[in-house]
Amino acid sequence: MRWGIRRMHYSVPAGLYAIGQPTHESPVLVTANYKLSFDLLRRELSGKDLWLLVLETFGINVWCAAGKGTFGTAELVSRIQKVELDKVVNHRTIVLPQLGASGVAAHRVRKATGFRVKYGPIRACDLPLFLKNGLKTSEENRRIKFTFRDRLVLTPMELVGAWKISLVVLLLLFILGGLSEQEFSLQGVLSRSLSPGLIYLGALLVGSFITPILLPWIPGRAFSLKGAQLGLLWAFAASITLASAWSVGSIIALFLIVPAIAAYFAMNFTGCSTFTSLSGVQKEMRIAVPVIILSIVTGGVTLVLGKFL
Amino acid sequence: MGLQYLRDVVTLELDRDKCTLCGMCTNVCVHGVLAVDDNGIHILERDACMECGACAMNCPAEAVTVRAGVGCAWAIFRDWFRKQPTANNRQQVVI
Ligand code: SF4
Ligand code: SF4
């Protein structure tokens, strides 16, 4: 989780938990010790009798922890041995969330502990049916969807993540508002930096909120390209409203900078998505980052020159 | 198949000779990239792969390889400014 301010560290102690009245035959589910997933699981599974084996992932959810390797083969094997799972249950099957698979090698776990790993559904809400169907899940529940709602839930994190850089930008715009031949007054500076500030915040909103939620409907594949297109629309809208009285130099700067800002924030949403690959993002960034920097620098120079010439 | 990212960038490779058709890779992949049928194992939707590494990790025959990592611009930025690359470090919230 990236909240920018402080990583949330909500964890529960690792170990074996009983839900309901489990017996030697009850299923064993494995999860991370991220408190929110743990609570969600308990809620979805209430009324059932089973064992919950919680791994030490330092308060990180299954997906992120699997990527880091903390939700991994070594931790799973040692946790199974520590709680002596082979004495607790008679069967030799454990159920892992499918998203944990990038950290766990099922065949190695079996070799080391005798337990067979079954990968369950992606979402906790599909678990009851999975258990009822004798640990079988449908193809459908094995596929990750990146729905409108998923994206909507993730966008606030992007906005929160941008607060530091946004403060710097707003401060810069304020200083730029002070560079004027008119007599200095706080009110004057504030009113001169109001429109640029609003335009910046608009670009932020376009890149880290509007682009992510409209993702499938914006042409192109690269996130930055999607963001730049909407950024261009926003620059155009701003040029006939907030910036209608601006000089030609400032308007040029507007069209150079605003799409670049939107592209930057849109590109940062790759980390929240569930379908971007490392190779893909690297390729996107190799092109997008220089273009974004060049665009912003050129725009900045135009803006400053326009103020003095 | 919904959203797909850039074309022809993914590092996923299959060695069909090593494959024992156990089906594990198709089980763990959340994007349905791999499939086993009468003709053996093959890549169905290469561009849908997000290089999570789950298939390679769980292939007992080591028939699948992929450079696993996270498609996250932030993590890549951090690596640019760091001497040695960080381990696979996801910044996503799914569950
Ligand atoms: S790396 Fe992940 S997304 Fe790609 S084929 Fe393997 S399991 Fe599927
Ligand atoms: S996991 Fe490996 S051996 Fe099993 S079907 Fe996939 S490629 Fe073949």
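Biologist: Which residues does Glu13(B) touch, not counting residues up to four places away in sequence?

Modeller: This is a predicted model, in which local features need pLDDT of at least 70 and side-chain atom pairs count only at pLDDT 80 or more, while totals for chains, interfaces and linings use all residues. Residues are numbered from 1 along each chain as its sequence is written, chains are lettered from A and ligands numbered from 1 in the order in which they are written, and side-chain values use heavy atoms, with hydrogens and water left out. Contact means heavy atoms within 4.5 Å. With residues up to four places away in sequence left aside, Glu13(B) touches Arg46(B), Ala63(B), Val64(B) and Thr65(B). Glu13(B) belongs to strand S1 (residues 13-14) of chain B. Helices (H or I, at least four residues) and strands (E, at least two) are DSSP runs, numbered from the N terminus.

Biologist: How exposed is Glu13(B)?

Modeller: Buried means under 20% relative accessible area, exposed over 50%, and partly exposed in between (1.4 Å probe, protein chains only). Glu13(B) has a relative accessible area of 45%, so it is partly exposed. As for distance, 18 residues of sequence and 16 Å of space, C-alpha to C-alpha, separate Glu13(B) from His31(B).

Biologist: How many helices and strands does chain B have?

Modeller: Chain B has 3 helices and 4 strands, and their order from the N terminus is β-α-β-β-α-β-α. Of the 95 residues in chain B, 51% are buried. Among its contacts between residues at least 6 apart in sequence, 47% join residues at least 24 apart.

Biologist: What is the phi of Asp8(B)?

Modeller: Most residues other than glycine have a negative phi. Asp8(B), although not a glycine, has a positive phi of about 55°. Asp8(B) is placed in the segment before S1 of chain B and is exposed, its relative accessible area being 67%. Glu51(B) also has a positive phi, near 55°, in a residue other than glycine. Glu51(B) sits in the loop between strand S3 (40-43) and helix H2 (54-58) of chain B, and with a relative accessible area of 0% Glu51(B) is buried.

Biologist: Let us turn to chain A. In what order do the 5 strands of its open sheet stand?

Modeller: Strands of a sheet pair through backbone hydrogen bonds, either parallel or antiparallel. Two strands count as paired if DSSP finds at least two bridges between them. In chain A the order is S1-S3-S2-S4-S5, with mixed pairing. Strand S1 (15-19) and strand S5 (116-120) of chain A are at the edges, each with a single partner strand, so one side of each has no neighbour in the sheet. From one strand to the next the twist averages 30°.

Biologist: In which sense do strand S2 (residues 28-32) and strand S3 (residues 50-55) of chain A pair?

Modeller: Those two strands pair in the parallel sense, over 5 bridges; Val28(A) has Trp51(A) as its bridge partner in S3(A). Helix H1 (residues 35-44) of chain A packs on the sheet, where it touches S1, S2 and S3 of chain A, and its direction makes about 175° with that of S3(A). Axes are lines fitted to C-alpha atoms, for helices over the stretch in contact, and angles run from 0 to 180 degrees between N-to-C directions.

Biologist: How many bridges join strand S4 (residues 93-97) of chain A to S5(A)?

Modeller: These strands run parallel and are joined by 5 bridges, and Leu96(A) stands opposite Tyr119(A) in S5(A).

Biologist: Which residues of H9(A) are buried?

Modeller: They are Ser166(A), Leu173(A), Leu176(A) and Gly177(A). Seen down the axis of H9(A), these buried residues fall within an arc of 105°, so they line one face of the helix; the arc is that of the directions from the helix axis to the C-beta atoms. The face turned away from the buried side of H9(A) carries the exposed residues Lys164(A), Val168(A), Leu171(A) and Leu172(A). Helix H10 (186-214) and helix H13 (278-308) of chain A are among what covers the buried residues of H9(A).
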